[in-house]
Amino acid sequence: MDLRVAAYAVITDEAGRLLLPHWSEGTQEGWTMPGGGIDPGEHPADAAVREVLEETGYHVELDGLLGVDSFVFAAERVPAADRPRQALRIVYRAHVTGGELRVEQDGSTDGVAWHTPEEVDALDRVALVDLSRRWAGLIP
């Protein structure tokens, strides 16, 4: 089994909207939390800040750790994989300190937008979105 460790951030604005990038990889897609894989030797907090900048154009400051989740994907759910993968996902709360909203270039995301809670509920989203929202106290 392969192991992928990643760090993500829950970011809301003053209107209560949630920042979400749109993930697209092969035939799979959906709205997800900003974040991604941790580079070898990189601290998870640094990875979360770096990934948010890459995927959204925003500089952020972390406000605290919300939780750690473990999820196992079957091999057929991971593009070009020949065995299952365990995803260890570290989720932080963060706030924007600068930058401008922009779409990632040459990455695994092809869109990014702020969404109201009602809009998030209607989106085709990965399970990490609702888990992160619960940890952040945004939904029961």
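Biologist: What makes the open sheet one of mixed pairing, and in which order do its four strands lie?

Modeller: In this predicted model, the order across the open sheet is 4-1-6-5, and its four strands show mixed pairing. Strand 4 (35-37) and strand 5 (58-73) are the edge strands, since each of them pairs on one side only, and from one strand to the next the twist averages 20°.

Biologist: How do you know that strand 1 and strand 6 pair, and in which sense do they do so?

Modeller: Two strands count as paired if at least two bridges are found between them, and strand 1 (residues 2-11) and strand 6 (residues 85-99) have 10 bridges, in the parallel sense. One example is Val5, whose bridge partner in strand 6 is Leu88.

Biologist: Which strands does helix 1 touch where it packs on the sheet?

Modeller: Helix 1 (residues 44-56) touches strand 1, strand 4, strand 5 and strand 6, and its direction makes about 105° with that of strand 5. Helix 3 (residues 127-135), for its part, lies across strand 1, strand 5 and strand 6, and runs at about 120° to strand 5.

Biologist: Why is Arg133 called buried?

Modeller: The term applies under 20% relative accessible area, and Arg133 is therefore buried, because its relative accessible area is 3%. Arg133 has its place in helix 3, and, not counting residues up to four places away in sequence, it touches Leu18, Pro117, Val120, Asp121, Arg125, Leu138 and Ile139.

Biologist: Which other residues of helix 3 are buried, and what do the buried residues pack against?

Modeller: Besides Arg133, the buried residues of helix 3 are Leu128, Val129, Asp130, Leu131 and Ser132. The packing partners of the buried residues are strand 1, strand 2 (18-25), strand 3, strand 5, strand 6 and helix 2. Just after helix 3, Gly137 takes a positive phi of about 75°.

Biologist: What makes up the largest nonpolar core, and which members touch the most others?

Modeller: Such a core joins buried residues of the nonpolar kinds through side-chain atoms within 4.5 Å, and the largest one has 14 residues, of which Tyr8, Val10, Leu18, Leu20, Met33, Leu128 and Val129 touch the most other members. Strand 1, strand 2 and helix 3 each supply at least two residues of this core. Leaving aside neighbours within four places in sequence, Val129 is in contact with Leu18, Leu20, Trp31, Thr32, Met33 and Val120. A second, separate core has nine residues, including Ala9, Ile11, Ala94 and Trp114.

Biologist: Where is the confidence lowest, and where is it highest?

Modeller: Confidence is lowest in strand 3 (residues 28-31), at a mean of 91, and highest in helix 2 (residues 117-122), at 98. On a scale from 0 to 100, the mean pLDDT of the protein chain is 94, with 95% of its residues reaching 70 or more.

Methods. Residues are numbered from 1 along each chain as its sequence is written. This is a predicted model: local features need pLDDT of at least 70, side-chain atom pairs count only at pLDDT 80 or more; totals for chains, interfaces and linings use all residues. Side-chain values use heavy atoms; hydrogens and water are left out. Axes are lines fitted to C-alpha atoms, for helices over the stretch in contact, and angles run from 0 to 180 degrees between N-to-C directions. Contact means heavy atoms within 4.5 Å. pLDDT is the predictor's confidence in each residue, from 0 to 100. Buried means under 20% relative accessible area, exposed over 50%, partly exposed in between (1.4 Å probe, protein chains only).
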